[in-house]
Amino acid sequence: MNRNGRGRQFFFNPGPTNIPDRVLRAMDRATLDFLSEEFLEIHSACHEGLKRVLKTRQHLFVYAATGHGAWEAGLVNLFSPGERLLILESGYFSEDWALMARRLGLDVEVLKADWRVGVAPADLEQRLVADKGHAIRAVLVVHNETATGLANPVAEFRHAIDRAGHPALYLVDTISSLGCFDFRMDEWGVDVAVGGSQKGLMIPTGLSFSGVSEKALAASRTAKLPRHYWDWEMMQARAPQRFCGTTPVHLFFGLAESLRMIEEEGLDAIFRRHARLARATREAARVWHANGSGPELFCRAPQRLSDSVTALIMPEGHDAETFRRTAINRFNLSLGGGLGPLLGRVFRIGHMGELNEPMLLGALATVELALKESNVPHGPGGVEAAIAALANR
Ligand SMILES: *Cc1c(COP(=O)(O)O)cnc(C)c1O
């Protein structure tokens, strides 16, 4: 198909996300020597800015890798072969992180949950109380389960760990929550916060990072899993860039600009914007489902509905992938698909990063158009409901 005149691909995938023009412009420049003073100033501003977004005053390590790399970095720096981890089941991403840990030789226990609801803090507390010998070395949680649109209560889980009086390390994947809704590494006692570049941080894929507590850094000194590229001790020794290999300066140019944008808007205003757009998306979804036969919100825990992604489950007999292909191939609208066992059952609307009302309303209207085009039953008027949710706020 000739794509002239069809405009840019309309991006509502929950990662990667839209890259702001300001970030693209900031990256459109000549290379800098990564050891030059000029670059080191940018580098240091990025480290300080990322720490402010993570709300930590502790340590930060940045890798040239996708989020999977930062997942692996946390595991290999902290643990020794055969050690036990407890991961809270939330969906595809908790399963995938657990799989990685198993393949690295760790003993992974999954605290089971219905993917539509997630783990209750009391269940975590109970499991940790039962672990009298403290065999569990760490608790792992995906803050925002991008596959299901469920946001886990990271602070409540921290309180559950404290109530159990358990010394486990606390690892949290913030890849699709950071810069979208509240996360507080130090206040919530998170030992390792895993982050990535291409979601709420609005820059290209390829940078990921770990916020690391003093407690975690101390634990890393005795951990025995083999590691090289990810090794925190080696990275620290490589001052001033604290990086293994050639520093990807252009990703840092982009990051410096996105952090400037984040600070200009303000994190609290950014969170309110995400909450407002998420609410409008859910109002549209409720109307689409209103007659009981249309796509339905996948997440059934009202307090846990994510402000960065909404997942919808298709009515029986309708294939989410067929619908999604219609949206992208006919209307140039990119939506997320179902991951793992949800393939074909679920589609996802990403509403994170650089986004405003006209963009969201355009996407929601096009979802309706693609539902019609694919003969998926749905209640009429989802867009009007979204407009009502956005008006006067
Ligand atoms: C996107 C994502 C990942 C994986 O990150 P990549 O950059 O694709 O490796 C992990 N966890 C969550 C919650 C994510 O949203």
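The model is a predicted one, in which local features need pLDDT of at least 70 and side-chain atom pairs count only at pLDDT 80 or more, while totals for chains, interfaces and linings use all residues. Residues are numbered from 1 along each chain as its sequence is written, and side-chain values use heavy atoms, with hydrogens and water left out.

Side chains of opposite charge can pair when their charged atoms come close.

Take Glu 264 and Arg 22, whose closest N and O atoms are 2.9 Å apart. This pair links distant parts of the chain, with Glu 264 in helix 9 (residues 249-265) and Arg 22 in helix 1 (residues 21-27), 242 residues apart. Helices here are DSSP runs of H or I with at least four residues, strands are runs of E with at least two, and both are numbered from the N terminus. Glu 264 is exposed at 55% relative accessible area, and Arg 22 is partly exposed at 34%. For those words, buried means under 20% relative accessible area, exposed means over 50%, and partly exposed is in between, with a 1.4 Å probe and protein chains only. The pair also belongs to a network of salt bridges that links Arg 22, Glu 257, Arg 260 and Glu 264.

Next, Arg 276 and Glu 357 form a salt bridge at 3.1 Å, N to O. Arg 276 is in helix 10 (residues 267-289) and Glu 357 in helix 12 (residues 357-373), so this bridge ties together parts 81 residues apart in sequence. Both ends are partly exposed, Arg 276 with a relative accessible area of 23% and Glu 357 with 26%.

Now the pocket. The largest pocket has a volume of about 280 Å³. On a 1 Å grid over the protein atoms alone, a pocket is an open set of points with protein on both sides within 12 Å along at least five of seven lines, and lining residues have an atom within 4 Å of a point. The points are joined across faces, edges and corners, and the volume is the space filled by probe spheres set on them, the probe being 1.4 Å.

Which residues lie nearest the centre of the largest pocket? They are Pro 14, His 68, Phe 93, Gln 198 and Lys 199, out of 21 lining residues. Helix 3 (67-78) and strand 13 (333-337) are the elements that give two or more residues to this lining, and helix 3 gives the most, with three. By type, the lining divides into seven nonpolar, 11 polar and three charged residues. Here Ala, Val, Leu, Ile, Met, Phe, Trp, Tyr, Cys and Pro count as nonpolar, Asp, Glu, Lys and Arg as charged, and the others, Gly among them, as polar. Domain 1 (10-17 + 266-391) and domain 2 (31-263) each supply at least three lining residues, with bounds from an automatic or database domain assignment.

Phe 93 brings us to helix 4, where it is buried, as are Ser 94, Asp 96, Trp 97, Ala 98, Met 100 and Ala 101. The 12 residues of helix 4 (residues 92-103) should span 16 Å at 1.5 Å a residue, and the end C-alpha atoms are 16 Å apart, which agrees. The expected span is 1.5 Å times one less than the number of residues. Just after helix 4, Gly 105 has a positive phi of about 95 degrees.

Last, the backbone. Two peptide bonds to mention are cis: Gly 15 to Pro 16, with omega near -5 degrees, and Ala 239 to Pro 240, with omega near 0 degrees. Pro 16 is in the loop between strand 1 (10-12) and helix 1, while Pro 240 is in the loop between helix 8 (232-237) and helix 9.

Arg 242, in the loop between helix 8 and helix 9, is not a glycine but has a positive phi, near 50 degrees. Arg 242 is partly exposed, at 30% relative accessibility. Asn 375 has a positive phi of about 55 degrees, again without being a glycine. Asn 375 sits in the loop between helix 12 and helix 13 (382-390) and is exposed, with a relative accessible area of 61%.

Note on methods:
Salt bridge = Lys/Arg side-chain N within 4 Å of Asp/Glu carboxyl O.
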